[in-house]
Amino acid sequence: MQKFAVSALALTLFQFSLGAHMALAADATTPVKVIMDATVSNWAGGDSDWQDIFGEDKLKNVYSKDFAAKYQAAAQFPAADEDGISPFDYDVIVNAQDACPLEEMKIVAQPPKNNTTEVLATFKKSTCMGSDADYQKMTTVRFEVIEEGGKPVIDDIVTNDDNGNPSSLKNVMQDLVKQQQQQPADQQQQPTDQAKPANPQ
């Protein structure tokens with residue numbers, strides 16, 4: 001009887017742990033949906049305003065403190081864009097300067113590993129550009145989600161480069177800062193104190 005009780009307790013603990021992991025995985029999609037909803041709206045066409053996925057409110061509530069700090073450091077050296085001061089001259093989600101309305105969007109959380117949940121966002125971004133296979137293929141963006149302050153936040157965004165190799169946005173931002181700091185003083189961009197989103201359209 002005692003052995004049965006121990007087994008029942010172990011099963012209960014296992015179910016509780018499994019339930020907690022499943023809840024974390026489900027919650028991990030919350031910040032990703034915020035960013036993907038904005039990205040879908042940005043490329044939907046029409047007269048709607050461009051949504052900055054790195055706006056002050058999103059940096060505070062959707063991203064981790066480490067990600068936000070790296071973005072703010074990179075934003076001191078904006079890309080060559082007269083209409084904004086973003087450190088990027090392209091949309092980091094579609095990984096391009098141009099895209100079509102996004103189609104077949106799916107957001108799926110993977111099982112948590114080492115306190116990080118990988119959330120995959122898949123979509124088609126180029127269907128309006130032609131019927132060739134390259135324009136119909138799926139794009140996958142990996143969001144690394146952690147828990148911070150009792151809520152899930154995005155700690156990194158990973159896309160694939162032209163050669164199919166993973167590219168961490170946090171690493172890209174760090175490299176932008178390093179490149180600026182390594183330039184001769186007379187060639188460095190002057191840091192800016194403002195933060196205005198760039199519109200890649």
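Asp-66 and Lys-70 sit 4 residues apart in helix H4, so about one helical turn separates them. They form a salt bridge, with the closest N and O atoms 2.8 Å apart. Asp-66 is partly exposed, with a relative accessible area of 33%. Lys-70 counts as buried, at 18% relative accessibility. The cut-off for buried is under 20%, so Lys-70 falls on the buried side. This is a predicted model.

**Salt bridges**

The structure holds 5 salt bridges. The table lists some of them.

| Pair | Closest N and O atoms |
|---|---|
| Asp-66 and Lys-70 | 2.8 Å |
| Lys-124 and Glu-104 | 3.2 Å |
| Asp-155 and Lys-170 | 3.2 Å |

Asp-155 lies in strand S4 and Lys-170 in helix H6, so this pair links distant parts of the chain, 15 residues apart. Both Asp-155 and Lys-170 are buried. Salt bridges with shared partners join Asp-66, Lys-70, Asp-155 and Lys-170 into one network.

Lys-124 forms a salt bridge with Glu-104. Lys-124 is in strand S2 and Glu-104 is in strand S1, so the pair ties together parts 20 residues apart in sequence. Lys-124 is buried, with a relative accessible area of 15%. Glu-104 counts as partly exposed, at 49%.

**The chain as a whole**

The chain has 6 helices and 5 strands. Along the sequence they follow the pattern α-α-α-α-β-β-α-β-β-β-α. Of the 201 residues in the chain, 36% are buried. Take the contacts between residues at least 6 apart in sequence: 58% join residues at least 24 apart. The chain exposes about 12,300 Å², and carbon and sulfur atoms supply 50% of that area.

**The nonpolar core**

In soluble globular proteins, nonpolar side chains tend to be buried together. Here the largest nonpolar core has 35 residues. Phe-54, Tyr-63, Ile-93, Phe-143, Ile-154 and Ile-157 touch the most other members. Helices H2, H4 and H6 and strands S2, S3 and S4 each give two or more residues to this core.

Ile-93 shows how parts of the chain meet. Beyond its neighbours within four places in sequence, Ile-93 is in contact with residues including Ile-35, Ile-53, Phe-123, Phe-143 and Ile-157.

**The disulfide**

The count comes to 1 disulfide. Cys-100 and Cys-128 form it, with their sulfur atoms 1.9 Å apart. Cys-100 is in the loop between H4 and strand S1, and Cys-128 is in the loop between S2 and helix H5, 28 residues apart. The torsion about the S-S bond is about -85°, so the disulfide is left-handed. Cys-100 is buried, at 0% relative accessible area, whereas Cys-128 is exposed, at 55%.

Note on methods. Residues are numbered from 1 along each chain as its sequence is written. This is a predicted model: local features need pLDDT of at least 70, side-chain atom pairs count only at pLDDT 80 or more; totals for chains, interfaces and linings use all residues. Side-chain values use heavy atoms; hydrogens and water are left out. A nonpolar core is a set of buried Ala, Val, Leu, Ile, Met, Phe, Trp, Tyr and Cys residues joined through side-chain atoms within 4.5 Å. Buried means under 20% relative accessible area, exposed over 50%, partly exposed in between (1.4 Å probe, protein chains only). Contact means heavy atoms within 4.5 Å. A disulfide is a pair of cysteine sulfur atoms within 2.5 Å. Accessible areas come from the Shrake-Rupley method with a 1.4 Å probe; for residues, only the protein chains shown count as cover. A salt bridge is a side-chain nitrogen of Lys or Arg within 4 Å of a carboxyl oxygen of Asp or Glu.
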